[in-house]
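Open the model in your viewer and keep the selection tool at hand. The stops below say what to pick next and what is there.

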Amino acid sequence: MIKKQIIIIAITLMANFSFGQGFQKGNLFGLHMVTINLTPNVTMDEFKTFFVNKVLPEYEKSWTGLKGYLVKSVRGEYKNSFGIVWLFESEAARDKYFNADGSPNELEKAAFEKVKAIEEELKKYGTYTIKYLDDWVVQ
């Protein structure tokens, strides 16, 4: 009985911790629609696994305060389409990578240099193109 209660408490704490890390007021997120072109003999699951487990963590290491998510639409106009949600703590955290006119600054360019190797490795699985859909600030 006590063992069961400990398991229930642990699951409850993990669920609260997991769901408690959602969007916070002031967060900035960018939404990018993704078109994936698989390499022959590569499955979508293989591409997704590599992207989530290897590509996104490299981006997160290269941009301070960035968290990335690969998402898939399950209904509506974009059903079965993929996107990337990039989440920054704030608009100021995102803006430190860009000049006032929106062009990439040296910090942004240096971060892109750091992810070139993983992007090259990704080409074994396929390529992707992005349609930028804007940045959004949580109110």
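**Stop 1: the pocket**

Start with β4, which gives four residues, the largest share of the lining of the largest pocket. Helices (H or I, at least four residues) and strands (E, at least two) are DSSP runs, numbered from the N terminus. This is a predicted model: local features need pLDDT of at least 70, side-chain atom pairs count only at pLDDT 80 or more, and totals for chains, interfaces and linings use all residues. Residues are numbered from 1 along each chain as its sequence is written, and side-chain values use heavy atoms, leaving out hydrogens and water.

Select H32, W86, F98, E108 and F112: of the 17 lining residues, they lie nearest the pocket's centre. A pocket here is an open set of points on a 1 Å grid over the protein atoms alone, where a 1.4 Å probe fits, with protein on both sides within 12 Å along at least five of seven lines; lining residues have an atom within 4 Å of a point. Its volume is about 370 Å³, meaning the space filled by probe spheres set on the points.

**Stop 2: the core**

Which residues have the most contacts inside the largest nonpolar core? Select F51, Y59, W63 and Y128. This core has 22 residues. The largest share, six residues, comes from α2. A nonpolar core is a set of buried Ala, Val, Leu, Ile, Met, Phe, Trp, Tyr and Cys residues joined through side-chain atoms within 4.5 Å. Buried means under 20% relative accessible area, exposed over 50%, partly exposed in between (1.4 Å probe, protein chains only).

Zoom in on F51. Leaving aside neighbours within four places in sequence, F51 is in contact (heavy atoms within 4.5 Å) with L56, P57, L70, I84, L122 and Y128.

**Stop 3: the salt bridges**

The structure holds eight salt bridges, each a side-chain nitrogen of Lys or Arg within 4 Å of a carboxyl oxygen of Asp or Glu. Pick K48 and D45: their side chains meet at 3.3 Å, N to O. Both sit in helix α2, three residues apart, so about one helical turn separates them.

Next, select D135 and R94, whose closest N and O atoms are 2.8 Å apart. D135 lies in strand β4 and R94 in helix α3 (residues 91–95), so the pair ties together parts 41 residues apart in sequence. D135 is partly exposed at 23%; R94 is buried at 17%.
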